[in-house]
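Subject: Structure for your files

Hello,

Here is the structure we discussed. My notes on it follow below.

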Amino acid sequence: MFADLLIKLALAGIVFFGVLNLAGLHTWVERKQSAVMQDRIGANRASILGIRLLGLFHPLADAVKMFTKEDFVPANGDRFLHALAPFLSVFFALVAFAGIPFGDRLILGGRVIELQVAKIDGALLYVFAMLSLGVYGVILAGFASRNNYAMMGGLRASAQMLSYEIALGISVVGVVMTFGTLDLQEMVRAQGATLGGIVPRWGIFLQPVAFFVFLTAALAETKRVPFDLPEGESEIIGYFVEYSGMKFGMFFLTDFVETVLVACLATTLFFGGWQVPFLFPDGFHFPWGAAVPVHQWTYILLGVGSFSLKVLTFCWLFMAIRWTLPRFRYDQLMRLGWKILFPIAVANLLVTGAILAILHPGGW
Amino acid sequence: MPTLTIDGKQVTVEPGTTVIQAAEKLGIFVPRYCYHPGLSIAGNCRICLVEVEKMPKLQIACNTPVADGMVVRTVSEKVNQGRQSVLEFLLINHPLDCPVCDQSGECDLQNFYMAYGLYDPRFREEKVKKAKAVPLGPTVMLDAERCILCSRCVRFTDEISKTGELGIFNRGDQAEIGLYPGKELDNRYSGNVVDICPVGALTDRDFRFKARVWYLSSSPSVCNGCSQGCNIDLHYVLDRPHLANGARVMRVKPRHNPEVNQWWICDEGRYGYKFIDQGRLRQVLHRGTEISWEEALGQMAAGLSGARTEGKQASVAVLASAQLTTEELYLVRKLFVDSLGVAQCSAQVPAKPGTSDDFLMKGDKNPNTAGAELLGLMGSDPARFDLIERALDGQVSALWVFGHDLVELFGEEKVKRLSEKLCQLVFVGSNGNGTSRYAHWVLPSAVYAEKDGTFVNCHGRVQRIVKAFEPLTDSRPEWEILLTLFRRLEIPVPWKGPEEIFAGLGAGIPAFAGMTYEKVGLQGVHVC
Amino acid sequence: MRRKRELTFWERLYVPEIIRGTWLTSRHFFRNLFLHTAHRFGLLKGIPAAVTFQYPEQPRPLAPRFRSRHRLTAREEGTPRCVGCMLCETVCPARCITIVAGEHPDPNVEKYPVRFDIDLGVCVYCGYCVEVCPEDAIRMDTNILDVAAYSRDGMKLDIHELMDPALRKPLAECKLKFPHRCAIHGGGERGSWEAVYNQTGSDPAGSDPIRG
């Protein structure tokens, strides 16, 4: 019992450590990647003892700044809700990671350890539930600020998040039907096989349409450019206009955590999670018959490495899109969500259902 | 009477009138440098050239007498060419000093060059150098290079001030104005030569370099320096306090009024404006400590109301001032004499007469003595002169003083004793003086430039002073102080400001019957 | 007027255009990333990876017409060329110039600024003062851009800093010889014309300051 608790704590610690660091690193990536894309150099001045290290100290400087800044609450704002909102935001974004499997089961001293913080049968539902709860943080922030602009921003944000959740959910239902499970660990395992022995049986190949719908809706869910209307960093005022210091920092952090989360989901659902092509628990089995046996530890590490690599690639992609596309207008945003993504997702669902009905006439 | 046509308009004038005067009558402006309506005609600048039919050459408008049937054109190609050539000659030796010249901005050379000149200069030779920045006297600085030898200043000293200090010396392009040997331009009207100088040759040493003329705002007023009441324009700057260490009024210029001062003003009046910005009282004081207006006026009113209810009017005395406007004197009379029944209320003090002459300067240095007289505040009763003695005897317990310097009038010793003896010594005034040092109460008031009102000059002419700018912080015009006292004492008065008070004056005092600010205008009217 | 162009079907699909855009930015990204990395190892130094100027170590080249912080030009003997005509004070749309004129001992100069302050916190750098000056006495060619201070007063330049652009606040001592109003050591009038002319040994046109 005690050992189980310890193991779970360790897993949670690893995930937290990884996610928070990745989110922190995102602020650096954000600056540097945009700079390199735009033929600039990017922030490189923060230094410790004269060491600049490519501006890697900027996230640290940011954190110090955020914590030392004045924590401002509007005169008529609701102090409690004002403080609660950023916590809710960041909390739900973080706990969602509990459902994400980042490696295959590890057998250690006769004990089977799933490399997933919480082994939940309906992990997908859990993750989506947590993702949906994040909207409370947003609308509370707008409400508690007692500022009309913040309120409008909060309403904009919640409308957007609710709208895109529908497309997001329906696009994922196709994937669920394909793999026949809501358990993300099982879903990843199901992607371990190959199609015709060559192509990995990843979600992207089975559900390409769902992938694009998912990607778009997920971007909207993270409230990043080109879907950053709720925040509107530069001009249209957003729900956290009355936030400063670390409370603002938490909203900022939530954005990056959600980006990582969405990258994790995309990896898990469509890119085989921790799967490495042709790698099975006992080693590589290539289509041409060659086989390379690997040790169990190597296998696990390769899996975790593969998962991480895929997540980082998605993070990079999201960042690239964020610094490439201009922002949507609100009507365009709503039209895209309701009139394009939603019908496509439904159509994808129907087609998937039909194909499944043909392939498995007797059902599962 | 000859009738002539100028620019197509017919005008009939007295025989002997000159063309420039006839044109003036029609409202047609003819440029001039040497011509000045207040001086004799010299006819040497030649800028006033006009075309007269049947005369072969252009004529100078200033010295051509009108004739019946004359047809004059002040604007034509020929006239403009003539004036352009005249300007070209006048400007040959004129230095390009405009940026540093104090006249720049109000200079007739600049104005007429823009109107009639605008030629390409053909003068390639060296300009004749002459003395610059030569003080002619305590008030006037000469720049001989800038002079165009119009001789207005020379004629002024000959004809108006009759002192004759100035003359034109040397010949040709070496000619320049200067002082006769052993003389100095130090007569009482010397500042006027600066006003009449059409160029920057004579500049005012007091105004010199202080400000550029385009910074100045102007407000019509009446000099408060003596009972002549010369009409003036106050030139002030409110938005550039650095120019003269925070002073607002930069200079005083005479305003033309044919009935009072014509075009002139004495130097005493011209340079007597400094008290407006210097030595002003800035705080309501009660025995040396600052107090708010509301509290001070409340206590004043309480004191007066107590005297009224206890029937101790005889213990209150008021020394009003002929420096106050007629409106304020009327309020003083209404409040103290008519409403409270104070018998000892007078504007008369045993002041020594100042310098006077037979032209503009009067010995009585108060601008509104006649007004006070018309309101019955100058009473000839000699008993009033011993007011101070009676106060020292203990017959007076409260004394109100408006602006007077009792120390100067009665000596420091007496005022000191007075201050100890009296229960209440109230000083209402704009500038600190001996009285304000010994007064128990000091109520800072506005100067004449900061309030509306009227003065009656020694010839019985009612003239307007116009508020140029707001009173200094925490000083209030006397009429406002008095109206507040009326309100505090719950004596109903129907007026809210000077204009209404003056209308009330017009209704109540026969000498001012039917007068309003509109009727008085800026040139004033005689009392009835 | 440029009218909105009708999008083609391919463009209306949106996704290909997004890919095209992302491809463009990604190309820059990878190219620059490669060059940055190469530069780290001392390679390909000739090909720049960024257009950034590392200000302040590497100042940006300024155009010759660039309007930077003001200065007052000087005569040979070190007094300002300014004749205190106040035309710049007049023309200044921001009203940031404060001039008090004084009498110059040379009657041909007449005026000079006893006080000449520019409040850079108010200045809009329009350059009208330079344009209007009849004496070429004020210029905006110091190439000083880093005008910053911790207080509003710190943004106010007086005649010392304007005469010598190298001076920086707070000024410890006053080196100006001619009479001027000086905030250093109190705020009274400092300097004398005798000091100016004795130092340089030159004589003004009229050695007698007031000729009469």
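A crossing is called left-handed if the near helix is turned anticlockwise from the far one by less than a right angle, and right-handed if clockwise. Helices here are DSSP runs of H or I with at least four residues, strands are runs of E with at least two, and both are numbered from the N terminus.

The model is predicted: local features need pLDDT of at least 70, side-chain atom pairs count only at pLDDT 80 or more, and totals for chains, interfaces and linings use all residues. Residues are numbered from 1 along each chain as its sequence is written, while chains are lettered from A and ligands numbered from 1 in the order in which they are written.

In chain B, α8(B) passes α15(B) in a left-handed crossing. The axes of α8 (residues 326-339) and α15 (residues 498-508) of chain B come within 9 Å and cross at roughly 70° (axes are lines fitted to C-alpha atoms, for helices over the stretch in contact, with angles from 0 to 180 degrees between N-to-C directions). α8(B) and α15(B) are therefore roughly perpendicular to each other (65 to 115 degrees). Thr326(B), Glu327(B), Tyr330(B) and Leu331(B) of α8(B) meet Pro498(B), Ile501(B), Phe502(B) and Leu505(B) of α15(B); contact requires C-beta atoms, placed from the backbone, within 7 Å.

Between chains, eleven residues of chain A are in contact with 13 residues of chain C. On the side of chain A that touches chain C, α1 (2-37) and α10 (296-322) of chain A each supply at least two residues, and α1(A) gives the most, with three.

Regards

Technical notes: Two residues are in contact if their C-beta atoms, placed from the backbone, lie within 7 Å. Angles under 35 degrees count as roughly parallel, over 145 as roughly antiparallel, 65 to 115 as roughly perpendicular and the rest as oblique.
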